[in-house]
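Hello,

Here is the structure for you to look over. My notes on the contact between the chains follow below it.

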Amino acid sequence: MTPFYKFQFYLFALMAIGAALLFVTRKSPVSAALWLVNVMFALSGLYVMLDAPFVAAVQVLVYAGAIMVVFVFVVMLLNLGRPDQLPDLREVGARIGAGLVGIALFANLLAVRREVLPVVELAPPSDNVVLPVAESLFTDYLLAFELTSVLLLVAIVGAVLLARKKAVT
Amino acid sequence: MMIGDALIVSAILFAIGVVGVLTRRNAIILFMCVELMLNAVNLSFVAFAKLHGVGGHVFVIIVMTIAAAEAAVGLAIVISVFRHFGALDLQNLKLLRR
């Protein structure tokens, strides 16, 4: 692992965490969505650093390019009004509960830190990065792949039915 | 050790997503926090794929598909909630509490 790669890795990690913090504190849905796109780009950089360039490309195309566009499109469609008139935070009880959950997750994090991960040196990735993923996807995980296509069909039908102007009687 | 660091980044992002889901009241921002949590899990899948082979990448692609389906259906629900209540405040959604 060269120092250059290490530097890039920590740079993208800091970008992801900082953008996520900014995302979760924004009031306006549009700026929150744009910070979330920033998180997704930083994560795609992290995927490249972790030897998964195909997943990085799919991350940019699907998450930043498709899912977040749908979010921004819905914000545009709904005409929500000014950000300072929008509902913001829950009541105090829920916020205290969220703090407790955050502390529990942080304790979990420290426990993970104490475990020592086994050092396994895999073979360096070959130039062809799509082939192993495709082989695995279309042999070992073929059933999951086919079920996913059925799920997407159900989701399309459900979304169209839910977003119709008038319910079918 | 880059895998451990990636797992810690993933845990931090997941915790930020959980706190967002638990504290915000705007339905669209809540959905975006769920997407952030899915992304954090994807990062840990990719990190573990360095230890255990390429299956993790396949999981990430399937999780992305599920996230797309969830976003489509969830945003359709958001649109119909907005049509019904005229606002995205989750405090409105307590018809079952009576």
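**Interface between chains A and B**

One salt bridge is counted between chain A and chain B, a salt bridge being a side-chain nitrogen of Lys or Arg within 4 Å of a carboxyl oxygen of Asp or Glu. B:Lys50 forms a salt bridge with A:Asp51, and their closest N and O atoms are 3.0 Å apart.

This is a predicted model, in which local features need pLDDT of at least 70 and side-chain atom pairs count only at pLDDT 80 or more, while totals for chains, interfaces and linings use all residues. Residues are numbered from 1 along each chain as its sequence is written, chains are lettered from A and ligands numbered from 1 in the order in which they are written, and side-chain values use heavy atoms, with hydrogens and water left out.

In total, 73 residues of chain A are in contact with 71 residues of chain B (contact means heavy atoms within 4.5 Å). The area buried between chain A and chain B is about 6500 Å², and carbon and sulfur atoms give 79% of that; buried area is the accessible area (1.4 Å probe) that two parts lose on being put together, summed over both. A:Leu50, A:Phe71 and A:Arg90 supply 11% of the area that chain A buries against chain B, more than any other three residues.

**Helix pairs**

Helices here are DSSP runs (H or I, at least four residues), numbered from the N terminus. Axes are lines fitted to C-alpha atoms over the stretch in contact, and angles run from 0 to 180 degrees between N-to-C directions.

α3(A) packs against α3(B), residues 55-85 of chain B, at an angle of about 0°, with the axes 11 Å apart. The two helices α3(A) and α3(B) are therefore roughly parallel (angles under 35 degrees). Residues making this contact include A:Phe54, A:Tyr63 and A:Phe71 of α3(A) and B:His57, B:Met64 and B:Phe82 of α3(B). By class, the contact of α3(A) with α3(B) has 20 nonpolar, two polar and no charged residues; Ala, Val, Leu, Ile, Met, Phe, Trp, Tyr, Cys and Pro count as nonpolar, Asp, Glu, Lys and Arg as charged, and the others, Gly among them, as polar.

α6(A) also meets α3(B): their axes come within 9 Å and cross at roughly 10°. That makes α6(A) roughly parallel to α3(B). Among the residues that meet are A:Ala144, A:Thr148 and A:Leu162 in α6(A), and B:Ile62, B:Thr65 and B:Ser80 in α3(B). The contact of α6(A) with α3(B) has 13 nonpolar, three polar and no charged residues.

Regards

Note on methods. Parallel < 35°, antiparallel > 145°, perpendicular 65-115°, else oblique.
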